Amino acid sequence: MRSLYIWPDNPVASLLVLFLVVQVVGYAARVPVHRGLRKLGAALGGALRLAGRWLRSASDELHRRNREVLLEAGRAEAEARLEREFTRLATTFTTELKEYPALHKRLDESVRRVDEDLKASALTPPEAPGWPEAVQAIAALPKAGDRTVQKVLDEIHKSAVASEKKALAEYRDATAKRHKILADMAPVWKTIKGALEQVQHAVTGTLGASSKIDGYMDRYEKIRRGEDAAERGLAAGSLNLFIISAFVVAVAAVGAYVNFHLIARPMSELVNSAGGSVAGLSVSKIAALVIVLMEVAAGIFVMESLGITHLFPKLSGLPVSRRRVIFLVALAGLFLLACVEASLAVLRENMSAADQALRMELAGQTSAAQQQVQAQLVDRIPVVGQAVLGFILPWILAMIAVPLEMLIETGRHVVGRGLGLLLRGAAVLLRICGHLVRHGTAVLAHVFDIVIVVPLQIERLVRGDAASSPSPVAPAALRNPTERTQPFQAPRR
Amino acid sequence: MTAHKLAAAAALLLAASACTDGRSQTRAVAVLVDVSGTYADRIPDVARIVRAGVLPGIRPGDTFLVVRIGEQSYADDALVKRVTLDERPSRANAQKLDLARELDRFAATQKRARYTDISGALLFASEHLKKTGAGHRAIVIFSDMREELPKGAKRTLEKDELAGTDVLAMNVKRLAADVNDPAAYRARLADWGKRLTDAGAASWKVVLDPEELAGTFTSEP
């Protein structure tokens, strides 16, 4: 501050002169300063606004592309699902309809038998009409005195009673036969019932598949029309799948880490690491890492050749025979690697025992070290456990292909959406910055006016104007009447 | 996509191999053993502590050396043993057993020295450790930490002489004068700490418990 003093011995006079100079120069430079601030605000604010707009449009474009990709993926999935359902329905029809002629024949046969049996059961001997009444009438006749007549009547009575008994016996026989025929019909009824149940099952299954297909078709139509609800559903499903597959892949990564550490140490016994290291990893560790990665790769090929995943379209397009060859080769490789891991795990356990024995021997406990080695040889449980773990882990790692495919498929959408949100946020931030810059320059102009308030007040008194001095570069027409009192207009869009 | 990822990982590994120090993960440990008259009675203990506390923690690929602190410790004959362990653990274990036997022989046959050239041993060990190119270097001193240089010997620890090297003083013997005046003992150790830190030592530590020493070398660098 002292360097600004004109007369260092007289700071008051120096400051006064300095103040006057500032007032005069400031008043003289008011117009260009206001104009400069206005231009600066417009330039910076405009640039920020443009950048914000560009980011917003980029975000919209990204969103549009994401939407297209999502709908396309959803459409492809819906088509594949429909195709699967149609195939299933066709298989159902083929299976059920193939059996239907035999079923129909069996049903016809059963119905015919039932019909015959019914007819057979209907053939009953007619009951002698009026016989009981005739017998009763004869029996009820008064005993006449004529013995001959009496004898004839008795004979008639006896004959009538005998006939009645015979008719009754025949009737009972016929009824018994009818009951037997009806009883014999029971298995036929069961057959008919079973056949009808089969028909009902087939029809219900077909109806269920049809209703499922209707649902899928409805969803497919919504996706094809690009409805927002369909997009939201697909996005939610995609996010869920992404989270789940990311979790599974993370679990598999931990498994791979454990697997790596299981075999890294014994690999140092097999691989000579005298050649140095790569990226801070010794050659033996890299060899272990390669084994783990090869297991994952073999697992991916197994899944691909089985048609469970579709990471490599070329593999999917190969003939079945070639795919089978790839499957067998990958499976054999996986088995081999699992065996290698199991043996390495055993070696690791042996090395641990040797280390323990060495530690004891170095500590001067030679006999204890020998006992330790003996104990390790006797107790094989940890060795077996490690070997089993070493054998199983590669197979579990091989399953990573499925969640990996899901992660890749859904990751594009999730990352794209996240990026879109980021761009939109940045656009909003830039617009806010643009506003701040524009209004900040306006504030600076006001601050400038406050600094040169003395000449401005003198100017006002000279002009006799009660209102404050307007900004020399303010636009003539103000959009907002309330801003008329503002001496400086912030640059507008 | 997976193929691309694998290719990228392979490219990264190859790129890393081109610009990585091949020995950066290995360690180098120097054990400096005082054979002067005031400390000679502790040498059997030193052998025992090194066997039980240092050797088990040395890993395949690491370098281990034993340097005698005597009259002229900067001389070549101060080096008792220098071994770089094989990368194969079984071979490294055999080398450790050989080292242990060598230490026992050293403890049994060592003659007493008239002087205690600690600085010379530090300079000697520092040179050897630097040549190993190991990523982690450590010096373990078994001494009473009272330096007595022979006439004409000049020892100056340069500013970066021990750069990146951890220095530990183990089993520091309390002399008769120290027992009478513990402040002198503490001042001596503090003075060494300052000298070593000035020489760029990454750390300076006085270890009293052999178990602690074992823990230091068992843990990863």
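## A strand pair in chain B

In strand β3 of chain B, B:Thr84 is the bridge partner of B:Thr63. Strands here are DSSP runs of E with at least two residues, helices are runs of H or I with at least four, and both are numbered from the N terminus. This is a predicted model, in which local features need pLDDT of at least 70, side-chain atom pairs count only at pLDDT 80 or more, and totals for chains, interfaces and linings use all residues. Residues are numbered from 1 along each chain as its sequence is written, while chains are lettered from A and ligands numbered from 1 in the order in which they are written.

## The sheet

Chain B has an open sheet of 6 strands, in the order β3-β2-β1-β4-β5-β6, with mixed pairing. Two strands count as paired if DSSP finds at least two bridges between them. β3 and β6 (203-207) of chain B stand at the edges with a single partner strand each, so one side of each has no neighbour in the sheet. The twist averages 15° from one strand to the next; axes are lines fitted to C-alpha atoms, for helices over the stretch in contact, and angles run from 0 to 180 degrees between N-to-C directions.

β5(B) (residues 165-170) and β6(B) pair in parallel over 5 bridges. There, B:Met170 has B:Val207 as its bridge partner in β6(B).

β2(B) runs parallel to β1(B) (residues 27-34), joined by 7 bridges. B:Val33 stands opposite B:Arg68. With β3(B) (residues 79-84), β2(B) runs antiparallel, over 5 bridges.

## Nonpolar cores

The largest nonpolar core has 60 residues, and B:Val31, B:Leu32, B:Ala125 and B:Val140 touch the most other members. Such a core is a set of buried Ala, Val, Leu, Ile, Met, Phe, Trp, Tyr and Cys residues joined through C-beta atoms within 7 Å. Helix α4 (residues 118-132) of chain B gives the largest share, 7 residues. Apart from this core lies another, of 32 residues, including A:Ala264 and A:Met303.

Technical notes: A residue is buried if 20 or more other C-beta atoms lie within 10 Å of its own, exposed if 12 or fewer, and partly exposed in between; C-beta atoms are placed from the backbone.
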